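Here are my notes for you to read alongside the model. Keep the structure open and find each spot as you go.

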Amino acid sequence: MTRALQPIGRVTCGLLEKSISVHKELLCFFSPYYKAALKGNFTEATTDSLQVDLTDKGLKMFVRWIYTGEVASPRCFPRYFSLYIFADLVDIVALRRMIMTRIQGYSEDLPEYSTVKLALMNLPESSPLRAWILDVYISHWEPAYDDCDPYPTDTASDPDNTLAAFMYQVARGLAVRESVNTAGCLCCYSDCKYHEHESKEEWEATCGQIEDMEMPDHLK
Ligand SMILES: [Zn+2]
Ligand SMILES: [Zn+2]
């Protein structure tokens, strides 16, 4: 059986315009957003080409994930966060979940302030990635981190002081934890907390298949 490849996006990197082809059916399967764009009555439905807001590397990671289910990349929070923001925009929960699984393995390293800001300014407050960043900072941040990654005091690129508001939440979280004398961390042993599992059945069919995985509290 032959299938037509559909180009999904052209990405401009400097002077280079790049486009990569992906099976239309796969895109529609994973993303309600693309399903509407490719099969609905949108003007884009008449074209075979969709614009995606990703860098060249991001687009490659995305296409690789579509075909392999993997998002392997060096430990690079900005790259993962950008792809997550894209997955939020086009509503691909499976990709968001895979990225969470990857970055959860890195939580001894904190995402830098500039990367945190990227997430805060581009994701809704209810986003599990934002919840994870907050948990990681409350559980693992130490003043010494600021020696390598100084807190940015320039607010021109962040007029709403999103980062300062975030650090205030971190400080509150730390204070609460100290007052109840909680040991251990909020993030590292609860992978599924950030996976957006919708039901017990869905969890059992996905993460429930993995050995030693614990069902998230909200499904119990
Ligand atoms: Zn942790
Ligand atoms: Zn899970």
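1. Start with the zinc ion (ligand 1). Its protein donors are His-140 (NE2), Cys-185 (SG), Cys-187 (SG) and Cys-188 (SG), at 2.1 to 2.4 Å from the ion. Donors here are N, O and S atoms within 2.8 Å of the metal (3.2 Å for Na, K and Ca), and water is not among the atoms, so sites may look incomplete. Along the sequence these donor residues are spaced H-x44-C-x1-C-C. That pairing links distant parts of the chain: His-140 sits in helix α7 (residues 128–140) and Cys-188 in the loop between α9 (162–180) and α10 (200–205), 48 residues apart. Helices (H or I, at least four residues) and strands (E, at least two) are DSSP runs, numbered from the N terminus.

2. A word on what you're looking at: this is a predicted model, where local features need pLDDT of at least 70, side-chain atom pairs count only at pLDDT 80 or more, and totals for chains, interfaces and linings use all residues. Residues are numbered from 1 along each chain as its sequence is written, chains are lettered from A and ligands numbered from 1 in the order in which they are written, and side-chain values use heavy atoms, with hydrogens and water left out.

3. What geometry does the site of the zinc ion (ligand 1) have? It is tetrahedral, with angles of 99 to 124° among the four donor atoms. Four donors count as tetrahedral if all angles lie between 85 and 135 degrees. For orientation, the ideal angle for four tetrahedral donors is 109.5 degrees.

4. The cut-offs: buried means under 20% relative accessible area, exposed over 50%, and partly exposed in between (1.4 Å probe, protein chains only).

5. Now hop over to the zinc ion (ligand 2). Cys-192 (SG), His-195 (ND1), His-197 (NE2) and Cys-207 (SG) coordinate it at 2.0 to 2.4 Å. Their spacing along the chain reads C-x2-H-x1-H-x9-C. This site is tetrahedral too, with angles of 102 to 118° among its four donor atoms. Both His-195 and His-197 are buried.

6. Next, salt bridges: a search of the whole structure finds seven. Each is a side-chain nitrogen of Lys or Arg within 4 Å of a carboxyl oxygen of Asp or Glu. Arg-96 makes one with Glu-196, with the closest N and O atoms 2.8 Å apart. Arg-96 lies in helix α5 (residues 93–104) and Glu-196 in the loop between α9 and α10, so the pair ties together parts 100 residues apart in sequence. Arg-96 is buried, at 7% relative accessible area, while Glu-196 is partly exposed, at 28%.

7. Asp-135 and Lys-193 also meet in a salt bridge (3.0 Å, N to O). Asp-135 is in helix α7 and Lys-193 in the loop between α9 and α10, 58 residues apart, which links distant parts of the chain. Salt bridges that share partners also join Asp-91, Arg-96 and Glu-196 into one network.

8. Last stop, helix α2 (residues 32–39). Which of its residues are buried? They are Tyr-34, Ala-37 and Leu-38. They sit on the same side of α2 because they cover an arc of only 90° around the axis, an arc taken from the directions from the helix axis to the C-beta atoms.

Technical notes
Four donors count as tetrahedral if all angles lie between 85 and 135 degrees; four count as square planar and six as octahedral if opposite donors are over 155 degrees apart and all others between 65 and 115; anything else is irregular.
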